[in-house]
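This briefing is intended to be read alongside the sequence and the structure. Please keep both in view while working through the points.

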Amino acid sequence: MAGLRANQAALAIVSSNVANAQTPGYVSQSANQIELAGGAGNGASVRVNGVNRQLDQYIQSQLRTETSGGAYADQIANILSQLQNVYGTPGQDGTLENAFSNFTSAVQSLSASSGSTSAQSQVLAAAQSLAQQLNATTTGIQTLRSNIEQDIGNSVDQANVAMNQIAQLNSRLQSMNATDPAAASLMDQRDNAINQLSQLMDIRVVTDSTNQATVFTNSGIQLVGGSQASQMAFNSQGTLNATSQWNSNPALSGAGTITVKLPNGGNFDMIANNAINSGQLAADLKLRDKTLVQAQAQVDQLAAALASSLSDITKPGAGVTGPPAGFDLDLSAVQPGNSINLTYTDTATNTKHQVTILRVDDPAALPLQNTATADPNDQVIGINFTGGMASVVAQLNTALGAAHLQFSNPSGSTLRVVDDNTSAAVVNAASTTTTASSLANGNAQLPLYTDAGSLYTGKITASGSQMTGLAGRIMVNSALLADPSKLTVYNTSPTTPSGDTTRADFIYSQLTSANFTYLPQTGLGSVTTPFKGTITGFMQQFLSLQSNASATATQLQQGQDVVVSTLQQKFNSTSGVSIDTEMANLISLQNSYAANAHVMSVVQSMMTNLLQIQT
């Protein structure tokens, strides 16, 4: 009878395996049979003691790790592909390259036509098209960031559901034997919840002797312990813009952060502590806070280069023969973000030094770092001009007095910089770089592009640089749209001669052949060796960089998909249900059942014969 019962139990398990062959997360089961030795000369027997799950825990662990990596690669490739759609197909309408090419061609035609009215209109139309393309690119990038912000919130909700489910199943399994058939079903559900969590973040699972699964991040944060689950939270900031950037200081952060509340009541910022390193959440955080921020910095730098290359006026100082010798500089046109440029030689070492003095009227933004400019070789000093010339002189003497430089204010807005008459330093050069504010200023420079109607000077405040988000705000100067003739007329007294192409030639030269240095935040070059080149060269470089990044991400995604698929197949081969195997087991069990039934039939026949003999 024990054999028949064991066969019936095994047949029931085969039936369950076949019925759940397509059930996600179901692990194949087998009967846990125990041989019982008979006593006093009786034969051995068998007893079914629950079920065994056919689980390869090592492969399961590897699969979860690679699943996290796969989800990370999928999300990176997906968003970078969408970013390529924002940039558009090279060579076609609706791209930055095409808009810039049309603009430079229109400027070239303006020069060739000696400033004809129709050529002026074409230049402004092309300039507006380029500005609108930069605006659209910014909108596309920030839409991606806003969508990711929403995705992070959804993923955090999913993680909380999975963690709570794991904790609840731990609680139910605590009083069960591991071979209990009901426990096997609960463990399948728990594994499925853990698998879902592994798609969101990198995790490590430890199962103890009481069948309790403890879940940690790979960085060591406990997410689930026994019947207790941590709770994650995300303070979504909704729609993001270029200035909405994450900061570890909540008061300064413009993007949501992920915190986790531990069962003991402690709170932990998972972003600030780099607690998530793989899975979809890690990919979303990298994309929102690094990849797409850098993409925005690239188009902002392009917009800033367009504006400042056409409006910046660098004026050398007037020499002061001395002794002490140096230069006089007129600061009347220096606006926040404009600079004073100095070069001096330390005679003791015969070393030349470059100093960039930036006007910064927000005290909270001071002092400045040397990275405030793209030049890796200059010393950057921020000076607050709001206190007047006396304050400017005092600040400069404090900052550079040790370099044997002296500053004074001979009169009005004039700044004098000389050596301190100790022969310890020589002032080699001094100049100011200011922003042209009017269209007819006597110079070829003009504010063709503005920052939403205001001058772009590159000013720095406590909230950041004016360059941040400029691509979304850049527009053609409304005064120029009202008077297109100023594309040619740069002076009114005396009036620029008819047919003069000075300004058109200047604009074309700045756009096509002038070289500039670009900030390393764009991903091109580095702090010590920033990228230098034309505006066209810079644009081509960052678009190529993004295209290559997208192609590489797609290749990594495909490779990771192969790894996950291979591990999944291996896991299924050891832990999944094989219909062929189950059919073979069914035939074997049927034969075994028939054999046991035959034994019982023989025993019954023997008992019948014995009873007949006795009667």
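How many helices and strands does the secondary structure of the protein chain come to? The secondary structure comprises twelve helices and 24 strands, where helices (H or I, at least four residues) and strands (E, at least two) are DSSP runs numbered from the N terminus. This is a predicted model, in which local features need pLDDT of at least 70, side-chain atom pairs count only at pLDDT 80 or more, and totals for chains, interfaces and linings use all residues. Residues are numbered from 1 along each chain as its sequence is written, and side-chain values use heavy atoms, with hydrogens and water left out.

**Whole chain**
- Of the 615 residues of the protein chain, 44% count as buried, that is, under 20% relative accessible area, against over 50% for exposed and in between for partly exposed (1.4 Å probe, protein chains only).
- Among contacts (heavy atoms within 4.5 Å) between residues at least 6 apart in sequence, 64% join residues at least 24 apart.

**Helices H4 and H5**
- Helix H4 (residues 117-173) packs with helix H5 (residues 181-200) at an angle of about 155°, and their axes are 9 Å apart; axes are lines fitted to C-alpha atoms, for helices over the stretch in contact, and angles run from 0 to 180 degrees between N-to-C directions.
- H4 and H5 are therefore roughly antiparallel, a class that takes angles over 145 degrees, with under 35 as roughly parallel, 65 to 115 as roughly perpendicular and the rest as oblique.
- H4 residues including Ala159, Ile166 and Asn170 meet H5 residues including Leu186, Arg190 and Ile194.
- The residues of this contact divide into 13 nonpolar, five polar and two charged; Ala, Val, Leu, Ile, Met, Phe, Trp, Tyr, Cys and Pro count as nonpolar, Asp, Glu, Lys and Arg as charged, and the others, Gly among them, as polar.

**Ala213**
- Ala213 lies in strand S4 (residues 213-217) and is buried, with a relative accessible area of 1%.
- Not counting residues up to four places away in sequence, Ala213 touches residues including Asn170, Arg190 and Ile194.

**Strands S7, S8 and S9**
- Strand S7 (residues 231-234) pairs with S8 in the antiparallel sense over four bridges, pairing requiring at least two DSSP bridges.
- S8 is also joined to strand S9 (residues 267-269) by three bridges, in an antiparallel arrangement.
- Lys261 in S8 stands opposite Gln231 and also opposite Asn267 in S9.
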